[in-house]
Amino acid sequence: MVTWLTENIGTIIVLIVLVAIVAGIVMAMRKDKKSGKLSCGGNCGSCGGCAHAASCSAGQKKR
């Protein structure tokens, strides 16, 4: 077991660092969502790259 750990310590350290980074990103995204922040700005009608821009409530005209 100790031999395996010493042979793979570099991989293990990289794995731990990547898991910490991903966890931090997920936590920040959850915090932003809970506080009401949107990652795209929330105006789908102004986004030409949005595949669903025409069907968004922001892109539709109000009656």
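**Surface, helix and confidence**

The chain exposes about 5900 Å², and carbon and sulfur atoms supply 65% of that area. The model is a predicted one. Its chain holds 2 helices and 0 strands. Of the 63 residues, 5% count as buried.

Helix α2 covers residues 9-34. Its 26 residues should span 38 Å at 1.5 Å a residue, and the end C-alpha atoms lie 37 Å apart, so the two values agree. After α2 comes Gly 36, which has a positive phi, near 90°.

Part of the surface is a nonpolar patch made of Ile 9, Ile 13, Val 14, Val 17, Leu 18, Ile 21, Ile 25 and Met 29. Together these residues have about 740 Å² of accessible area. An α-helix has 3.6 residues a turn, so residues three or four places apart point the same way. One member of the patch, Leu 18, lies in α2. Leu 18 counts as partly exposed because its relative accessibility is 47%, between the limits of 20% for buried and 50% for exposed.

How far does the predictor trust the model? The average pLDDT of the chain is 80, and 59% of the residues score at least 70. Over residues 59-63 the pLDDT is below 50, and this stretch has 4 contacts in the model beyond near neighbours in sequence.

Conventions
Residues are numbered from 1 along each chain as its sequence is written. This is a predicted model: local features need pLDDT of at least 70, side-chain atom pairs count only at pLDDT 80 or more; totals for chains, interfaces and linings use all residues. Side-chain values use heavy atoms; hydrogens and water are left out. Helices (H or I, at least four residues) and strands (E, at least two) are DSSP runs, numbered from the N terminus. Buried means under 20% relative accessible area, exposed over 50%, partly exposed in between (1.4 Å probe, protein chains only). Accessible areas come from the Shrake-Rupley method with a 1.4 Å probe; for residues, only the protein chains shown count as cover. Patches are made of residues with over 30% relative accessible area and no salt bridge: like charges are joined within 9 Å, nonpolar side chains (Val, Leu, Ile, Met, Phe, Trp, Tyr) within 5 Å. A salt bridge is a side-chain nitrogen of Lys or Arg within 4 Å of a carboxyl oxygen of Asp or Glu. pLDDT is the predictor's confidence in each residue, from 0 to 100. Contact means heavy atoms within 4.5 Å. The expected span of a helix is 1.5 Å times one less than its number of residues.
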